[in-house]
Amino acid sequence: MSVVTITRDAEIAVVTVNNPPVNALSQSLRQGLWDAAEALDADPEVRAVVLICDGRTFIAGADVAEFGKPPVPPHLPDLVGRIEAAEKPWVAAIHGSALGGGFEIALGCRFRLAQPDASVGLPEVTLGIIPGASGTVRTPRLVGMQAAVDLVTTGKPVRAAAAQSLGLIDAVVTGDLRDEAIAFARAALRRPLPQPVSQRPVDAPDAAFWAAAEAKVAKAARGAAAPLRALASLRNAAEKPFEEAMAFERQCFLDLRGTPEAAALRAVFFAERAAPRPAHLKDLTVLPLRQVGVVGGGTMGAGIAAALRDAGLPVVLIERDAAAVARGLANLRAIFEGAVTRGRLSEAQAAERMAGVIASTDYAALADADLVIEAVFEEISVKRAVFDALGRVCRPDAILATNTSYLDPQLIAEGVPYPGRFIGLHFFSPANVMKLLEIVPLPGTAPATLATSFHLARLLKKVPVEAGICEGFIGNRILKRYRAAAEALVRQGVAIAEIDAAMRGYGFAMGPFEAQDLGGLDIAYLQREGARAAGQEVPETLGDVLVRAGRKGQKTAGGWYDYAANDRKPRPSPAVTALLGPLVAAPREMPREAVAEHLVQEMAAEGRALLQEGIARSPSDIDLVEIHGYGFPRRRGGPMFATAAARR
Ligand code: 3H9
């Protein structure tokens, strides 16, 4: 079937795009739209054209899969220009998403209509590029420079109502989209047409506007190139004639398309889309998830419960006594109240989230749960007691999951009846925010349990990664190696603050020592002590020395750094220098790039070990774990991608 078909409703032609899955602008679609514009211009009976799409969305953008290849005509900027120059006005009828090149096509149309749940946007910077078909040149002509800067440099899509108030679209329509668009086109023909967007004037903000915008964009970009290039292109659009601005935009787009940053972001884009539906689970049965239990209402349990409620799943929250139930509910309420304060939820939505939670001390309340997630204290006997109780009250087909991050799930599962339903679901804190979910099947886990865990991840909009069993699974094992490698540099005389600065320079929000100070050094210390008590050979770390001296991080006013009261700014610590002095070599200069490269290589080496041991299934899974669970800079693609790219 053709990707473009033309039908008629009297004098209105309807151009329908059908290029699954997301109507991306492949060469054949560009050609099809070009031919349609030619044919309709030549047809004297046609007076206006509606552009509409089949399937789940309007045109979702350029075909990202074509970005590695030389561009083939018709080029998108020419196509947008061709539609705009058509003798009959085109009306874009948007459902789903009009993104990137898809929105640029809509900018070439004389009018844009959208359904209420549709969104529009220019997400190119999230792919390491800038809009390449007039997004930076036409958008400011349509909605003014400030709105254009926000849209293009953040890449965030805007929902229909907000898009209408900004002027990005002309109307929000609630009836049948095709009928509404035809009626709109017919009515539009009775009035003078608005100017094509390219011919509208553009604001020319002053130098102070650009200086402020540049400072803001540079800060948010954290070293990424595309947002600043997008801003430069917008500025050019304000200061140069249309054609010149278009040529500049195109050049920036082509320059960026081939950068390692864009290649990394494209790899992450496809990895994220592949992760929720792994090929090896394709044909497996998924069990229904109608009600989910959470055992434990601490930070982790409340976060998991919040994530479940955000996905609309009813939750039963179990705690050990009435006071703990009250604390658990208070934790949950605090999460939703925080969302209200930030404008993410209305009061009514927050109340509805809470209303969907039954809290109890009685495990019998879990009798009907389809899945129960345990999130209690990280101590084997506590967890075993929970699963003893669950084994007694839950249905035999209810999935039972542990959220352990370090313990061996096989020990936790011992004695659980129907062990095929047992699995590890490792959430990351705060669980309602962090996207990563490590899914840890046991040797006896049933395929349906595994498949349903991925289904859960899809419902929660998480990035699921399957991990085998080892201490720390994928993420915490790499974290351990990363921290050990960073400590080894300190022992060699590299300054703590230099190592942190190197990793920030690489794109992390925080270096390894600052991050430990924030999270607390005592958690890993207690694990090491536990292992030592169990007879394992665990060498003394520098972190151990600090914790023994009472330095557990920000919560004790000092860890790797000192902190002033009510101030999170890390300050180099003379006390730490004194404590670690005997263990550390003479000060050594190491270029920051070399520090970062070394530490990323160490992470990748651990990643390769995980692949060899069968703990991780693919390099891209490891990269997703690091990006979504550990703050690895997305624009570097993850440690496996970054080190493979460096070898290419
Ligand atoms: C651009 O337009 C540049 C221009 O300015 C300049 C050019 C000159 N290309 O996300 P889903 C695939 S840059 C190719 O699960 P949803 C995806 O891999 C582009 N493939 O669906 C997956 O494949 P598979 C700017 C694409 O319903 C399948 O479609 N546009 C593209 O949850 C389903 O994807 C964007 O960045 C693409 N552009 O969400 C939009 N997009 O089934 C990116 C998706 O084999 N796309 N695929 O695994 C999205 O944000 C979401 O796909 C969307 C639908 C919201 C549209």
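How do the residues of the shell around the ligand divide into nonpolar, polar and charged? In this predicted model, the shell holds 16 nonpolar, 5 polar and 6 charged residues. Altogether 27 residues surround the ligand. The closest are Ala 62, Gly 101, Glu 104, Glu 124 and Arg 273.

Several elements of secondary structure contribute to this shell. Strand E5 (97–99), helix H3 (101–108), helix H10 (242–257) and helix H11 (260–274) each supply at least two of its residues. The most come from H11, which gives 3 residues.

On the side of the backbone, a polar atom of Ala 60 is 2.8 Å from a nitrogen atom of the ligand. The ligand taken alone exposes 1100 Å², and 73% of that is buried by the protein.

Another part of the chain shows two helices in contact. Two packed helices are described by the angle between their axes and the distance between the axes. For helix H18 (residues 475–491) and helix H20 (residues 512–519), the axes come within 10 Å and cross at roughly 120 degrees. The crossing of H18 and H20 is left-handed. From H18, the residues involved are Tyr 482, Arg 483, Ala 486, Glu 487 and Val 490; these meet Pro 512, Phe 513 and Gln 516 in H20. By class, this contact has 5 nonpolar, 1 polar and 2 charged residues.

Notes: Residues numbered from 1 in each chain as written. Predicted model: local features only at pLDDT ≥ 70, side-chain atom pairs only at ≥ 80, totals over all residues. Heavy atoms only, no water. Axes fitted to C-alpha atoms, helices over the stretch in contact; angles between N-to-C directions. Helix = DSSP H or I, 4+ residues; strand = E, 2+ residues; numbered from the N terminus. Left-handed = near helix turned anticlockwise from the far one by under 90°. Contact = heavy atoms within 4.5 Å. Nonpolar A, V, L, I, M, F, W, Y, C, P; charged D, E, K, R; others polar. Near = heavy atom within 4 Å. Polar contact = N/O pair within 3.5 Å; in protein donor to acceptor, adjacent residues only side chain to side chain. Areas by Shrake-Rupley, 256 points an atom, 1.4 Å probe, with all protein chains shown as cover.
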